[in-house]
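Here is a colleague's note on the model shown below. Please read the points beside the structure.

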Amino acid sequence: VALRAPLLEGRGYPGLVETAAGLLGRPIAILDEYLDVLGVAGLDADQQTFLDEAILRARGHGPASIIGPFVEERMPGMHRELINAPSGVIGVLVVWSAAPIGSADVAVLAEVGVASMLERAREEVRTETESRLRGDLIEELMAGEVVSRESLVRRARHLGADLSGGAVALIGKLQDPHTEGRVITDPRLVRRFLQQARAAMDLHWPRSLVDWDEGRLLALLPAPSTGAADPSPEEIEAQAATLGKRLLGATRETVPGLALTLALSRYTPEPERLGVALDEARLALS
């Protein structure tokens with residue numbers, strides 16, 4: 001029950017590891033299947049550094065096999081437990097312990113694994129619902145359907161995006177550079193890529209609208225709110241180009257061996273004309 005409480009309270013993985021560390025009396029971390037850290041508790045600086053270095057070593061094996069090398073590498077004092085879901089491995093628990101893990105702690109880790117699966121399922125439901133709503137809005141714009149300014153702005157705000165001042169449209173395609181025309185559809189790679197793309201946009205361009213459809217990354221980048229004088233269209237477009245470069249760099253690190261191609265529209269200040277901006281980016285991509 002104690003391990004479900006953080007999830008019911010909306011504290012997610014950080015709350016879960018904090019509770020687990022208290023029950024175990026040991027530092028603990030939860031990583032996903034790509035070794036992205038979902039939550040850590042109780043680690044000192046040396047342990048955090050060791051974990052970061054172990055993740056980098058495992059990622060050197062390539063995106064398709066990183067969790068195996070991470071679990072199999074000899075790491076004295078670190079107990080690693082895979083989180084298995086019906087769909088397969090979805091992560092790994094890491095516990096720092098000089099002594100072998102006892103049966104009571106094994107039971108706690110089993111409950112942490114179950115709680116992690118519940119949180120993952122909750123996140124996937126929320127993500128799928130938001131993705132469908134984002135996709136519906138962008139699809140309407142790309143299909144040329146008439147969407148009033150008020151309706152567009154209101155629907156976008158419900159999804160955390162502010163399109164009241166217009167936006168720059170961005171369209172990207174993730175491909176295998178060694179096979180011409182082969183678009184990447186592997187759900188594991190797509191999920192990994194989207195995690196990093198959304199993280200980069202949340203950091204560098206908050207309140208944007210991001211979607212994935214038929215092998216394409218679709219985004220509307222709203223005019224940045226600076227609090228001072230409004231930036232010019234040229235400044236907004238330059239910032240969008242800088243974001244594009246960051247996305248290209250993040251892709252090389254996140255899914256090495258794959259190529260991302262991006263196209264940007266000009267800044268379109270009228271929200272109701274963002275369908276035209278998406279068309280412009282689509283033509284530039286082709």
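**Notes on the predicted model**

1. Helix 8 (residues 233-254) has 22 residues, which at 1.5 Å a residue should span 32 Å; its end C-alpha atoms are 31 Å apart, so the two values agree. The expected span is 1.5 Å times one less than the number of residues in the helix. Helices (H or I, at least four residues) and strands (E, at least two) are DSSP runs, numbered from the N terminus. This is a predicted model, in which local features need pLDDT of at least 70 and side-chain atom pairs count only at pLDDT 80 or more, while totals for chains, interfaces and linings use all residues. Residues are numbered from 1 along each chain as its sequence is written, and side-chain values use heavy atoms, with hydrogens and water left out.

2. Which residues of helix 8 are buried? They are I236, A240, L243, G244, L247, G249, T251 and T254. Buried means under 20% relative accessible area, exposed over 50%, and partly exposed in between (1.4 Å probe, protein chains only). An α-helix has 3.6 residues a turn, so residues three or four places apart point the same way. The cover over the buried residues of helix 8 includes strand 5 (167-175), helix 7 (187-204), strand 7 (216-222) and strand 8 (259-264).

3. Two strands pair if DSSP finds at least two bridges between them. Strand 5 and strand 8 run antiparallel and are joined by 6 bridges, with G172 opposite L262 in strand 8.

4. A nonpolar core is a set of buried Ala, Val, Leu, Ile, Met, Phe, Trp, Tyr and Cys residues joined through side-chain atoms within 4.5 Å.

5. What does L221 contact, leaving aside its neighbours within four places in sequence? The residues are G166, A167, V168, L170, M201, W205, S208, A240, L243 and L264. Contact means heavy atoms within 4.5 Å.

6. Strand 1 (28-32) is mostly covered, with 5 of its 5 residues buried. I28, I30 and D32 point one way from the strand, and A29 and L31 point the other way. Strand 1 pairs with strand 2 in the antiparallel sense over 4 bridges; I30 stands opposite G39, and I28 opposite A41. Strand 1 also pairs with strand 4 (residues 88-96) in the antiparallel sense, over 5 bridges, and D32 stands opposite G91 there.

7. Two residues deserve a check of their backbone angles. Most residues other than glycine have a negative phi, and most peptide bonds are trans. Strand 1 and strand 2 form a hairpin with 4 residues between them, and L35 in the turn has a positive phi of about 65°. L35 is buried, with a relative accessible area of 1%. R207 also has a positive phi, near 65°, and lies in the loop between helix 7 and strand 6 (209-213). R207 counts as partly exposed, at 44% relative accessibility.

8. Q47 is found in helix 3 (residues 45-59). Is Q47 buried or exposed? Q47 is buried, with a relative accessible area of 18%. Not counting residues up to four places away in sequence, Q47 touches P27, G42 and W96.
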